[in-house]
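The sequence and structure are shown first.

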Amino acid sequence: MEALSRIALDPQYHDLLTIVKGFRNGVVYGARIRFPHALVMAFLFKSGSVMDKFRYIFRATKQHARNLGVFATIYKTAMFAQKKLNGGKEAGIHPFIAGLVGGYFVFGENNAINQQIVLYIFARVFLATVKLPVKRQIIDAPQHTYPLFAAVCWGLVMYLFKHDADVLQPSLRASMQYIYKDSDYWDSLRTLIWHNK
């Protein structure tokens with residue numbers, strides 16, 4: 001065990017061990033994030049037996065944890081390789097290239113969990129990109145833009161829901177159906193107030 005501790009603390013292995021720790025942290029973070037989400041979603045919205053729900057929770061948690069761990073591994077390995085190929089120096093484009101490679105191989109399959117993660121990333125990247133010109137002092141910080149941003153987002157989603165709902169993501173479409181369309185119909189006081197249908 002002492003020999004392993006010496007290796008873990010030896011600076012010559014640092015870059016390689018960041019790959020191992022990146023995988024570990026990706027798996028842990030993915031499990032921490034997905035498990036409670038899957039637990040709530042399974043018991044609130046999934047049908048089936050309790051065992052079916054636990055299988056769903058396990059599969060969703062495993063996929064999220066694995067994907068973040070594998071992405072971290074690919075990303076850090078690509079960063080390490082590019083640095084080595086560039087004479088020990090990291091170039092500004094290296095993170096983008098490493099992210100492209102990891103994103104393609106890990107998150108390129110279009111499934112519910114990947115879609116949720118990629119949409120989460122997209123929203124945050126879009127907001128960060130909008131902030132860049134202010135950070136770099138290209139433009140002054142616009143005032144009162146968030147209410148306009150919120151209004152445009154809600155206007156667009158309501159328009160799409162009304163006219164082209166089939167293009168919306170299924171869980172968004174289902175929640176909007178429940179709130180905005182199902183509320184148009186009832187056949188008793190019970191289905192008006194206590195139950196949807």
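## Charged pairs and packing in a helical chain

Because Arg6 and Glu2 are four residues apart in helix H1 (residues 2-9), about one helical turn separates them. The side chains of Arg6 and Glu2 join in a salt bridge, with an N to O distance of 3.3 Å. Both partners are exposed: Arg6 has a relative accessible area of 52%, and Glu2 one of 60%. The model discussed here is predicted.

The structure holds three salt bridges, which are listed below.

| Salt bridge | N to O distance | Relative accessible area |
|---|---|---|
| Arg6 and Glu2 | 3.3 Å | Arg6 52%, Glu2 60% |
| Asp15 and Lys83 | 3.7 Å | Asp15 32%, Lys83 31% |
| Asp52 and Arg55 | 2.8 Å | Asp52 39%, Arg55 43% |

The salt bridge of Asp15 with Lys83 has its closest N and O atoms 3.7 Å apart. Asp15 belongs to helix H2 and Lys83 to helix H3, so this pair ties together parts that are 68 residues apart in sequence. Asp15 is partly exposed, and Lys83 is likewise partly exposed.

Asp52 counts as partly exposed, as does Arg55.

Is Lys53 buried or exposed, and which side chain of opposite charge is nearest? Lys53 is buried and has no salt bridge; the nearest side chain of opposite charge is that of Asp52, 8.8 Å away. A salt bridge requires the nitrogen and the carboxyl oxygen to be within 4 Å. With neighbours within four places in sequence set aside, the contacts of Lys53 are Ala42, Phe43, Lys46, Ser47 and Gly48.

Ala65 lies in helix H3 as well. Its relative accessibility is 7%, and Ala65 therefore counts as buried. Beyond residues up to four places away in sequence, Ala65 touches Gly26, Val27, Gly30 and Ala31. Ala65 and Met1 are 64 residues apart along the chain, and their C-alpha atoms are separated by 28 Å.

**Nonpolar cores**

The largest nonpolar core comprises nine residues: Ala38, Ala42, Tyr56, Ile57, Ala60, Val106, Phe107, Ile113 and Ile117. At least two residues of this core come from each of helix H2 (14-45), H3, helix H4 (94-107) and helix H5 (112-135). H3 supplies the largest share, three residues. Another core, of five residues, lies apart from this one and includes Val157, Phe161, Ala165 and Met176. In soluble globular proteins, nonpolar side chains tend to be buried together.

Val106, one of the residues of the largest core, touches Asn67, Val70, Phe71, Ile74 and Asn114, residues up to four places away in sequence not being counted.

**The chain as a whole**

The chain contains eight helices and zero strands. Its radius of gyration is 23 Å, whereas a compact globule of 197 residues would have one near 16 Å. The C-alpha trace spans about 75 × 55 × 25 Å along its principal axes. Of the 197 residues, 19% count as buried. Among contacts with a separation of 6 or more, 46% involve residues 24 or more positions apart. The chain exposes about 15100 Å², of which carbon and sulfur atoms supply 66%.

Conventions:
Residues are numbered from 1 along each chain as its sequence is written. This is a predicted model: local features need pLDDT of at least 70, side-chain atom pairs count only at pLDDT 80 or more; totals for chains, interfaces and linings use all residues. Side-chain values use heavy atoms; hydrogens and water are left out. Buried means under 20% relative accessible area, exposed over 50%, partly exposed in between (1.4 Å probe, protein chains only). Lys and Arg count as positive and Asp and Glu as negative; His and the chain ends are not counted. Contact means heavy atoms within 4.5 Å. A nonpolar core is a set of buried Ala, Val, Leu, Ile, Met, Phe, Trp, Tyr and Cys residues joined through side-chain atoms within 4.5 Å. The radius of gyration is taken over C-alpha atoms; the globule rule is 2.2 Å times the number of residues to the power 0.38. Accessible areas come from the Shrake-Rupley method with a 1.4 Å probe; for residues, only the protein chains shown count as cover.
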